2 protein chains.
Amino acid sequence: MKSLFKASVALTALIGLGATAAYAETLQDVMKRRNLTEKDLMAAAKTYTPTGGRDEFLAFSSGGQSGQVIVYGVPSMRILKYIAVFTPEPWQGYGFDEESKAVLAQGRMNGKDINWGDTHHPAISETNGEPDGKFLFINDKNNPRIAVINLHDFETQQIVVNPVMASEHGGAFVTPNSEYVIEAAQYAAPLGGEYAPLSEFNEKYRGGVTYWKFNKEKGRIVPEESFTIELPPYSQDLSDAGKLVSDGWSFTNSFCAERYVGGIEKGRPPFEAGCSANDVDYLHIFNWKKAEAVFKAGKVKKINGHAVITLETAAAEGIVALVAEPKSPHGVDVSPDGKFIVVGGKLDTQASVYSFEKIKAAIDAKNFSGKDPYGLPIIALKDALHKQVPLGLGPLHSQFDSKNCIVYTSLYVDSQVAKWDYCEGKVLDKISVHYNIGHLVAMEGESVKPKGKYLIALNKLAIDRFNPVGPLHPQNHQLIDISGDKMEMLYDLPIPLGEPHYVTAISADKIQPLVRYKYGTDSRTGEAHKMAVRPGAEKIVKEPGKVTVFATAIRSHFTPEIVEVEEGDEVTFHITNSERAQDEVHGFAISGQDINLSLEPGKTATAKIKAEKAGVYPYYCTEFCSALHLEMQGYLLVKPKGYKDTAATGKEGQVYTKADFDKQYKTNIETQAVIDAVVKYITSTNFKDFPTVVALVEDATDQLKFAGEAKQKADDAAAKQDWQQATLWAGQWWQYQVKAADIGLRVKTYLEEHGAKVVAK
Amino acid sequence: MKSLFKASVALTALIGLGATAAYAETLQDVMKRRNLTEKDLMAAAKTYTPTGGRDEFLAFSSGGQSGQVIVYGVPSMRILKYIAVFTPEPWQGYGFDEESKAVLAQGRMNGKDINWGDTHHPAISETNGEPDGKFLFINDKNNPRIAVINLHDFETQQIVVNPVMASEHGGAFVTPNSEYVIEAAQYAAPLGGEYAPLSEFNEKYRGGVTYWKFNKEKGRIVPEESFTIELPPYSQDLSDAGKLVSDGWSFTNSFCAERYVGGIEKGRPPFEAGCSANDVDYLHIFNWKKAEAVFKAGKVKKINGHAVITLETAAAEGIVALVAEPKSPHGVDVSPDGKFIVVGGKLDTQASVYSFEKIKAAIDAKNFSGKDPYGLPIIALKDALHKQVPLGLGPLHSQFDSKNCIVYTSLYVDSQVAKWDYCEGKVLDKISVHYNIGHLVAMEGESVKPKGKYLIALNKLAIDRFNPVGPLHPQNHQLIDISGDKMEMLYDLPIPLGEPHYVTAISADKIQPLVRYKYGTDSRTGEAHKMAVRPGAEKIVKEPGKVTVFATAIRSHFTPEIVEVEEGDEVTFHITNSERAQDEVHGFAISGQDINLSLEPGKTATAKIKAEKAGVYPYYCTEFCSALHLEMQGYLLVKPKGYKDTAATGKEGQVYTKADFDKQYKTNIETQAVIDAVVKYITSTNFKDFPTVVALVEDATDQLKFAGEAKQKADDAAAKQDWQQATLWAGQWWQYQVKAADIGLRVKTYLEEHGAKVVAK
C-alpha cells in the first residue's frame, strides 16, 4: 500500500512536466474551487478518459421500461449507445423502416403491436462459459419475449414471444455454450393464455421455465427446438445456468411459494404481505440436459404448438428438485467454478451458499425430505447448504471477483455492497451506495473467468445525487474500484432514460463490430438486400397504384431527387448508402410522414408510405453529412388524381453565363492546387501505418474520382456552350473537391496529433 | 498564469493530506497505467464531479431524429435526462398513457399520427433577454411543429403543427421576453399544402417565418394570436431574435437564393450544386413589431385558418428587407448587446459581422440597392456590414463569451473552433475538435449576459473517438474550457441516442423543478386530474361494455389488486401515486398490453385498453420501488363472454395458525425496537438542518402510520381468532416497518456522511 503521492521526489518529476505548460489555475486551485478532495482527484484519474481513449470494458445494461439496451464504457462511464430493442426509435430507423418493422412484428402478441418492453436481464452469448461478444439477449418482463441483438452491428435482429407465459422475469440467462437462453415465468397464469378464475389458482395457474434453443451460426433462436418446463405457481424469479462441474443444470428461484392471491380491495392483505409471509421460498434446480433428452424423446404436451414438459413428467423424470431459500430471494448466482450457488433474500440478513456437490449427491441418492403439493421432490436445506453468511439487510444479487472465493453482494435495505468470502463465509469489506442498490455487476462477473477490477452498483434511487430534473429522476450507477483490499467509490453515472435492472459487462476487446456493411445489406436479416442498387442503376418503377424508387445516397445528394406520384399511390423507397467512409451515415425523411431511415455505409433500407393527400412533400437527409448537408434534399410530388401536367418547363431561378463558368473553373483549379499540397504532405509521411488514415485516404480518393466525373460533365456541357449545365456541374466538381479537402484536413490533423513522420524524399 | 502545480511547498501540503489515506496505487501509478498526461489530469479535475455534486450549468440539447431533448450537466458532461417530445417513450409513459397521448395527438398531421420528430433547435423561455428556466421550446424539421416543455417537471405539454409550411428549420428561437417563438421554413412548397408542379417553383413555392405567440402565464403557445410572413422560395434557415437595441427585430438566413431545383436522375446537377452556385444568399431582416401591428390590423390572408402576411403586404409595409450573406450560410447570431449580427458561411472562409445600426439606418432612409424578384428591398452589403473576418474553412455558428466583443465560431471543414474579436475583427485562438463541428454552445451564450467559462463543440462525426459500437456512431460533444486566454479541451461526451444539432445552456440555479406533484395532478395539463382518488376511495365502476378503475399506488401495492372484466370491455385504469417521498416513482403495466404508466409522486395517469381476448393478465409496478417491489402486482381477469362464476372460493395456498401469528408479532415487536433505536439516534441530531433528511423523516413517519393501521387490522383479526388474516396483516405491518427502517438507515448514513451533530441531551 502506498500513499496517494508516493514521494516528493516523484512529484518533482511531475512538477517538472507541469512547468512546460501554462495554466490559468494550478491543480490545487481547481481542487479548491471545485471542492475536490484528494480522494476525488484519485477517482477522477481512475475514470477520466481523454479524447480518443478507449474503455477497458463495455457494460450492456437493460433499459427497464424504455424497452431498450444501454451500452456504456468502463471506467469512463460514458454511455455509448442506446440500442433499440422493443420500442421504436427513429434515430436508428427502428420501427420507421420496413426492415426493422418486420423484426418488431415478430413481437406482436394476439395480433397486436406492442411498442415497448420492460427489459430486465441482458446476457451475452458464451463460449465455454465466457462471454464471447457475438450476440446479446434481453428479455421483456411484461410481454414475455426475448430479443436477439447482433453485436457485429448492435442491431436487434430477432424477437420471440413466449407462447405459454403471461409474464416472465428470469431471462435472459445463457448456458455456457449458448445452447439455450433461459426464460423463467414470473406471475402465474394458466399456461397458453386461457382464462381461469383465481379460485382455481392452485389448480390451474402455473409458472414455468422456457429453454430457447440458440443457433450460434445463424444468430437466431429456434422456436421449434425450444421447450418449457411447467412449474407450480410460485412466482419464479431470476435464474442462472450451471457451469463447469454444474454444466447441464440451471437454477431458478421464486418469491411466492405461499401461492398467495391478494385482493386489498376486498379487505384481504395485499400480495406483498401474503407473498412474504413464510420465511422461505423454493430454489428450483433443473437438470436441463435431462429435460432436453425428454423433450427430444417427445414426452411433451403441445400448448400453442410449443413443447411443454408437464409437472407430472418433470417429477417422474427427475428433471426438477426444490430446496428452501431465504425470505424474498432475488439473485441466484453460480460461482465461477460452478461449485456453489449464492442466493440472497431481500428480507433476510444473510446470503445462502449452496453446494452443487451436495445438491447433486442428494438428487443422485434420492435423498429428499418430502414433496411439494405438485409432486416435486424437496431437498432438505441442510443437505444442500454450504454456508449461510450474515451480510446485512436485504442481500439481493451477487457477482464474482477474479480472486478466488471473493463475491460481492448488494444489500438493498442497507444501501451497501458487501465483499465477502463465500468459501470461508467471512465478510471482508462494506461500502455505502446511493441509494437502495438492486443488482450489481462485476466485469465478466458471471463467467468462469471474472476479470475483477471494477464493480458497478445499480441503485434504484438517486434522490439528491444529481442536479434536479423533475419528479422523475435518473437512475444512479456507481462505479466502484475493487482492485484493492478496500472497495473505493469512483463515479456516479446518471442513467437518463429507462430504469435499468441488470447489467452484464465484457472485456472491450471482445467486441469487434463492423465499420460498414457489405454494399447493399439488409441489416435486420444480415443478408444481401434484394432491392439494393449501385450508383448509376437508380430507377423509379411505376405500376398501377404503386411507385417503387430504387435510390442511392451519398454526401450530399440522393438519386433520384424528384419523384412524382399520384394521390393514392403506395410509394416505396429502397435506399442504399453508397459511402465507404466510417461514420458517414445518411438519413431519409419525407415531410409529414411517419418514416425515418438510418442509412449507415453500405446499408439498404426501405421507407414505405401511402401518398394519401395531393401536395408537395420535401424529403431530405436527416444526418448532418457534409457542408452541403442541408442541400441533400428532394421532392416527392403527389399529384391530384387525374392531374394534367402542362408541357411548360420551369424557368431557372438563376441563369449562368460563360463568365460564371470561367469563374467557377478558376476556383476549382485553385482548389485543386490546395488539395495537391495536402496530398503531397500526406504521401510524404508514414500515413500507411495508421489504419484510420488509410480509410480516410480511400474516402478522399473516392471524392476526387467523383470530382473528375463532374468535371467531365462540366467540360462536355462547356463544349456545347451550355453554360447553365457547365457552371452547375463545375459547382458540383467543386463540391467534391471540398469534401476531399475536408477529409484531407482531418487526415493532416490526425497525422500531426499522432506523431506521423515524414518518410518520403 | 501559473504552472500546473504552483510550488512544491503547496504540494507538500497535498502530500500531507495524501499520507492519511492509503491506496493500492499512487496518483502517478494511475497516470502511468492509464496513459494520462498532466493536461489530462487537469481536465479530469475540471470535470470530475463526485457523488452528490452539482453541475454549474444545464445543457438542453436537441435529440435530432430521436425526436427528443437531451439534458446534460456542465462540466461533468453527464446526461441527466432524455425528455420525450415527439417520439413515444415508455419509461416516461409518454405515448403509453392517455394524458400524454392527448399531447401527441396535437401533433397529428393530416389526421395521421407522427411518432417521431427531427428536433433541431431548443430555446429556453426568456425574460429581458436572459433564459429564465421556465419553459423549453423545440422544433421538428420534418413535420413542421413546435413543442413546449414545462421545466417545472421536464414534461412535454404542448405540440403545435405549422399550418402552412411543409418543412422548417429555423426554430425554435424566442424573442427577449418570449413574446414569440420563431419558426422559419426550410424547403419551399406551396403554403398551406396544395399541389403545384416544380415548373411553377418560382411562382407558387414559398418560404416563410411563423411567429408563434407564447402565453408565459399559461405556458402555452396561442395559435390564434400567431402569424406567418410569406417569403420567397430561398430555403430559409436559422434565425435569431434581436435584443436590447435590436429588440423588435429578427433575422433569418437562407441557403438557396438561387431557387435551384435539382433532378440528378434527369441529368441535372443535384441540389447541392445548384444551391451553392452563387457566392451569396440573403439574410432576411424582419421588423416583427411592425409585422405584429400589421397582423393585429387584420392585413392578412387566411390559409388553413392561419393568418399569413403576404409577400406583397410585407413589401408594402416595410416588414422585410434583405442583405447579401456569404456562401452557404448557417448560423445567424445577434451579439449580447444587440448591436451586431454574426453570420458564418459553410463554404466561406470568413465570418460576416453586420451592424444593426447600419441596417436600421439603411431601412429608415430607404437606402436600398434594389429589389429581389418578389419586391423585397435589398440593402447593399457595404451599407450593412461592420466587418468580414477570415476565420478558416466553413464558419458555421457563433456563440458569445462573457467577455466583451469575444465570440466563438465553429469551422466545419477545418474541424476547429475559432475565438475572435468581432469588434476589432481579430482572430485570437483556435482549437481542433473531433470532427466536423456543426453548432457550438457557450453558457447562456445567446443571451444578453453570456456566462463564459465553457464552450461545447457539437461535432457531427466521432469516427475513432470512442470504443466502436457498430456502423452507427455516437455523436461527440466536446467540452472546452474558455476561462483562460487559450481554449483548452476538457472532455469528450458521446451522445448515445440521436444526432443533436443545437444546444442551449443555462445556469443550473435557474432550474428549480418540482420534487412531487400536488396530489392528483394531470402532469400534461398541469391541472387537477378529475379522476384522481385518495387512498380509501378507490373503486371499480362497471357500466355495460366499460370498466373504470380508480386506483392508487403506494410501495408496494396497488389498490385494487384484482379487477374482473368481460371479454370486449373497454377497461380504464386511473391511477394516482399516493407517495410523498422524492423519487418514489411507480409504474403500471398489464401483460401483453401496449401501455405503461410512469407515476411520479402525486401524479394521476390513465391506462386504457380493450380487453379483446379472455384470459389472465397480470399487472405490476414497473419501477423497482421497495424490497417488495416484485410483489406489487395484481390481476386483470378477462372472463369469456357469458362466463359463469362458480360460488367456490379458492383454497389458500398457505394456512396460518396462531403460532404463525405469534411468531410474526414477536418479530414486529423486535423490529420496532430497532426502529426506535434509529429514531432515537436521528432525533438526537440536528437532522432538521438537512432538508433531504426532513423529507425522509416525513416519509418514514408515513410508513409507521401505515404500520399502525396494519397492526390494528392484525389485532382485530386476532381478536376474532382469524389467524389467517391476523398473520397476514401482521406481515403487512412488518412490511411497513421494513420500509420505515429502510428510510431510517438512509437517514442515518446521510447524517453521518454530512457531519450531523448530536444536539439532544
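This is a predicted model: local features need pLDDT of at least 70, side-chain atom pairs count only at pLDDT 80 or more; totals for chains, interfaces and linings use all residues.
**Exercise 1. Describe the overall make-up of chain A: its extent, its secondary structure and its domains.**

Solution. 
- Step 1. Along its principal axes, the C-alpha trace of chain A spans about 100 × 80 × 50 Å.
- Step 2. Chain A holds 12 helices and 44 strands.
- Step 3. The domain assignment divides chain A into domain 1 (8-47), domain 2 (57-469 + 479-510), domain 3 (521-639) and domain 4 (658-753).
- Step 4. Of the 761 residues in chain A, 63% are buried.
- Step 5. Among contacts in chain A with a separation of 6 or more, 63% join residues 24 or more positions apart.

**Exercise 2. Trace the open sheet of four strands in chain A and find its edges.**

Solution. 
- Step 1. The strand order in chain A is β4-β5-β6-β7, and the pairing is antiparallel.
- Step 2. The edge strands are β4 (123-127) and β7 (155-161) of chain A, as each pairs on one side only.
- Step 3. Neighbouring strands of this sheet are turned against each other by 30° on average, direction ignored.
- Step 4. Inside the sheet, β5 (residues 130-140) and β6 (residues 145-150) of chain A are joined by six bridges. One bridge pairs A:F137 with A:V148 in β6(A).

**Exercise 3. Follow strands β24, β25 and β26 of chain A and state how β25 is placed.**

Solution. 
- Step 1. Strand β24 (residues 395-400) of chain A pairs with β25(A) in the antiparallel sense over four bridges. A:Q399 has A:Y408 in β25(A) as its bridge partner.
- Step 2. β24(A) and β25(A) form a hairpin with five residues between them, and A:C405 in the turn has a positive phi of about 70°.
- Step 3. On to strand β26 (residues 416-421) of chain A: six bridges join this strand to β25(A), and the two run antiparallel. Here A:I406 stands opposite A:D421.
- Step 4. The hairpin of β25(A) and β26(A) has four residues between the strands, and A:S415 takes a positive phi near 50°.
- Step 5. Of the six residues of β25 (residues 406-411) of chain A, five are buried, so this strand is largely enclosed by the rest of the structure.

**Exercise 4. Determine whether A:H284 is buried or exposed, and list what it touches.**

Solution. 
- Step 1. A:H284 is found in strand β14 (residues 280-287) of chain A.
- Step 2. A residue is buried if 20 or more other C-beta atoms lie within 10 Å of its own.
- Step 3. A:H284 has 29 C-beta neighbours inside 10 Å and therefore counts as buried.
- Step 4. Leaving out residues up to four places away in sequence, A:H284 touches A:L231, A:Q236, A:F251, A:T252, A:S254, A:V320 and A:L322.
- Step 5. One of these, A:S254, is 30 residues from A:H284 along the chain, with 7.8 Å between the C-alpha atoms.

**Exercise 5. Identify the edges of the open sheet of six strands in chain A and the helix that packs on the sheet.**

Solution. 
- Step 1. The order is β8-β9-β10-β11-β16-β15 (chain A), with mixed pairing.
- Step 2. β8 (173-174) and β15 (301-303) of chain A each have a single partner strand, so one side of each is left without a neighbour in the sheet.
- Step 3. β15(A) pairs with β16 (residues 306-309) of chain A in the antiparallel sense over three bridges. A:K301 stands opposite A:V308 in β16(A).
- Step 4. Helix α7 (residues 288-296) of chain A packs on the sheet and touches β9 (180-184), β10 (207-215), β11 (220-231) and β16 of chain A. The direction of helix α7 makes about 125° with that of β16(A).

Conventions
Residues are numbered from 1 along each chain as its sequence is written. Chains are lettered from A and ligands numbered from 1 in the order in which they are written. Two strands pair if DSSP finds at least two bridges between them. Axes are lines fitted to C-alpha atoms, for helices over the stretch in contact, and angles run from 0 to 180 degrees between N-to-C directions. Domain bounds come from an automatic or database domain assignment. A residue is buried if 20 or more other C-beta atoms lie within 10 Å of its own, exposed if 12 or fewer, and partly exposed in between; C-beta atoms are placed from the backbone. Two residues are in contact if their C-beta atoms, placed from the backbone, lie within 7 Å.
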